[in-house]
Amino acid sequence: MSLVIIGGGISGLFMAHMALKADPERDITVIEKADHVGGLLYGHHYPEDYYFDKGTHLFRECGIADIDSFMTHVPPESALYYLPDHGYSGCVFNGKLQENSHYPLVQNAQVRQETVQYLKNASSDHDMSNLSTYCRSVFGPSYSDHISIPMAEAIFQKKACELSFNALSIIGQDRVLSFDQKEWRQASNATSLVAFPDQRKMPDTLKNPRRRFYSKEKGTFSVVDGIARRLQERGVKIWMNTNIMTINDHRIDVRHGGNNHTLEFDTLAFATSTFATANLLNIDIQTSRFDRPLEHHVIHMVLSHAPISELAFFYNLDRPDHFFRVTNYSRILNAADDTRISIEVLRNDQTPIDDKDVRTYLADLCTLGFIHPSTSIVFHRTERLASGFPMMTNKNRQALSSLAISIEKVAGDHYFLGRGEKTAPFLQSEVLASIHKHFTHYI
Ligand SMILES: Cc1cc2nc3c(=O)[nH]c(=O)nc-3n(C[C@H](O)[C@H](O)[C@H](O)COP(=O)(O)OP(=O)(O)OC[C@H]3O[C@@H](n4cnc5c(N)ncnc54)[C@H](O)[C@@H]3O)c2cc1C
């Protein structure tokens with residue numbers, strides 16, 4: 001039995017792993033159009049010998065043994081670094097860099113009181129019509145109207161009634177910060193919605209047992225490259241730099257290494273995400289009306305000194321159009337001499353990042369106390385992520401879901417997996433869990 005998987009991102013590689021697990025003799029070929037595997041999970045290697053991830057990609061165990069063992073298949077496994085306490089995360093809220101939690105610490109006593117009161121009696125039935133109704137049913141009107149709705153509207157630059165209910169989880173804001181131990185206990189019937197007041201003092205019993213990890217060598221690149229090598233050692237063929245010419249019932253014609261090849265298959269799987277799969281199947285995307293993604297730029301920076309903050313990363317909840325998230329490599333890898341940081345910027349227009357922006361961001365990081373005032377830039381480069389940052393509107397959710405249904409109809413017996421498939425998984429753990437769940441149906 002032969003299986004051809006189109007797309008060498010994490011979905012395509014995981015699919016190969018699962019297929020091999022089911023049948024170690026299976027003939028499997030992964031076709032990737034780029035010159036590397038990993039898709040979005042990849043990194044930039046600059047000639048100056050600096051490595052940076054494409055975006056921020058700390059990995060976290062997900063509790064499904066098949067997935068966790070697959071993700072840690074990095075030879076040698078000792079190259080993986082497990083972050084103590086998962087790495088501290090923070091946020092900028094009300095002009096301050098908050099180091100205790102990445103959920104906003106609300107100072108307004110009335111909002112706090114009303115929120116705790118609401119959570120004590122909250123129902124578990126949530127109105128998922130849009131972000132506004134969802135927030136109000138989950139966190140209550142006070143917290144929603146003062147905190148979460150304006151924050152989501154500022155980040156996505158859309159009205160809450162246009163946004164999808166799950167937009168908050170994409171920006172890591174799906175909990176309310178408890179303010180003291182007493183309040184924590186009062187709201188304890190909604191513990192999954194309440195975050196502990198200070199991550200450094202969190203009792204072990206409340207800590208997430210699933211560890212966060214990263215590679216000591218070349219971050220995301222080493223993890224994905226290690227997975228691909230392990231698959232190749234087990235007989236999976238991975239063809240990079242490969243262009244698909246035609247797809248027929250049981251054969252696919254490709255251009256690879258300057259030659260044309262025909263691959264025969266029993267099963268074909270698309271793991272290229274929605275738009276690329278629609279293109280391969282000649283489905284017209286223009287008729288589905290999508291809201292444009294936000295422009296996503298990552299500024300990769302080497303500083304003269306590592307940040308003085310203990311945070312591994314933080315979100316900017318005050319002015320996300322300014323910068324959205326900052327990553328501190330010295331705290332991800334616990335290496336005082338690692339002076340790399342990356343700054344992710346979201347914009348709703350196509351203005352490029354210029355040197356003036358970079359200097360402004362550095363000055364802001366200094367004012368916030370994240371870096372020492374004497375810190376200067378040794379190296380910087382900005383990369384634009386072609387796919388952008390997903391616009392989490394209801395319109396997009398519906399359009400993606402109907403496109404996924406059209407793909408399934410046209411694909412017939414072939415399989416469409418990974419990001420954008422019909423159940424709309426987006427985060428890496430959701431994508432892999434969805435493939436895992438459906439695996440038995442597919443193979
Ligand atoms: C801006 C952004 C930020 C994110 N942040 C996070 C985060 O913080 N945490 C998290 O868990 N997840 C995050 N994600 C989601 C995560 O990146 C995805 O869940 C995951 O990478 C999906 O993997 P995939 O293999 O399905 O898709 P992709 O990584 O897109 O891989 C698809 C592959 O298919 C290949 N391909 C496409 N067309 C063809 C073709 N015609 N022929 C051959 N190959 C083709 C591509 O080159 C690519 O290698 C983020 C995503 C984005 C866009």
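## Domains

The C-alpha centres of domain 2 and domain 3 lie 27 Å apart. This is a predicted model, in which local features need pLDDT of at least 70 and side-chain atom pairs count only at pLDDT 80 or more, while totals for chains, interfaces and linings use all residues. Residues are numbered from 1 along each chain as its sequence is written.

The domain assignment gives domain 1 as 2–84 + 213–289 + 392–442, domain 2 as 103–197 and domain 3 as 292–384; such bounds come from an automatic or database domain assignment. Seven residues of domain 2 are in contact with five residues of domain 3, where contact means that the C-beta atoms, placed from the backbone, lie within 7 Å. On the domain 2 side that touches domain 3 there are five nonpolar residues, two polar ones and no charged ones. In these classes, Ala, Val, Leu, Ile, Met, Phe, Trp, Tyr, Cys and Pro count as nonpolar, Asp, Glu, Lys and Arg as charged, and the others, Gly among them, as polar.

## Around the ligand

Now to the ligand. It is surrounded by 33 residues, and the closest are Gly 7, Gly 9, Ser 11, Gly 39 and Gly 418; a residue is near a molecule if its C-beta atom, placed from the backbone, lies within 6 Å of it. By class, this shell has 15 nonpolar, 15 polar and three charged residues.

Helix H1 (10–22), helix H9 (274–280) and helix H13 (428–442) each supply at least two residues of the shell. Helices (H or I, at least four residues) and strands (E, at least two) are DSSP runs, numbered from the N terminus.

Two strands pair if DSSP finds at least two bridges between them.

His 296 has Leu 346 in E20 as its bridge partner.

## Parallel pairs

Strand E1 (residues 2–6) pairs with strand E16 (residues 267–270) in the parallel sense over four bridges, and Ile 5 stands opposite Ala 269 in E16. E16 is also joined to strand E22 (residues 415–416) by two bridges, again in parallel. There, Phe 270 stands opposite Phe 416 in E22.

## Loop residues to look at

Most residues other than glycine have a negative phi. His 86, which is not a glycine, has a positive phi of about 65°, and it sits in the loop between strand E6 (80–82) and strand E7 (89–93). Asn 241, also not a glycine, has a positive phi of about 50°, in the loop between strand E12 (237–239) and strand E13 (242–247).

How exposed are these loop residues? His 86 counts as partly exposed because it has 17 C-beta neighbours inside 10 Å, and Asn 241 is partly exposed, with 13 other C-beta atoms within 10 Å. Arg 289, in the loop between H9 and E17, is exposed because 10 other C-beta atoms lie within 10 Å. A residue is buried if 20 or more other C-beta atoms lie within 10 Å of its own, exposed if 12 or fewer, and partly exposed in between, with C-beta atoms placed from the backbone. Arg 289 and Gln 107 are 182 residues apart in sequence and 41 Å apart in space, C-alpha to C-alpha.

Note on methods
Two residues are in contact if their C-beta atoms, placed from the backbone, lie within 7 Å.
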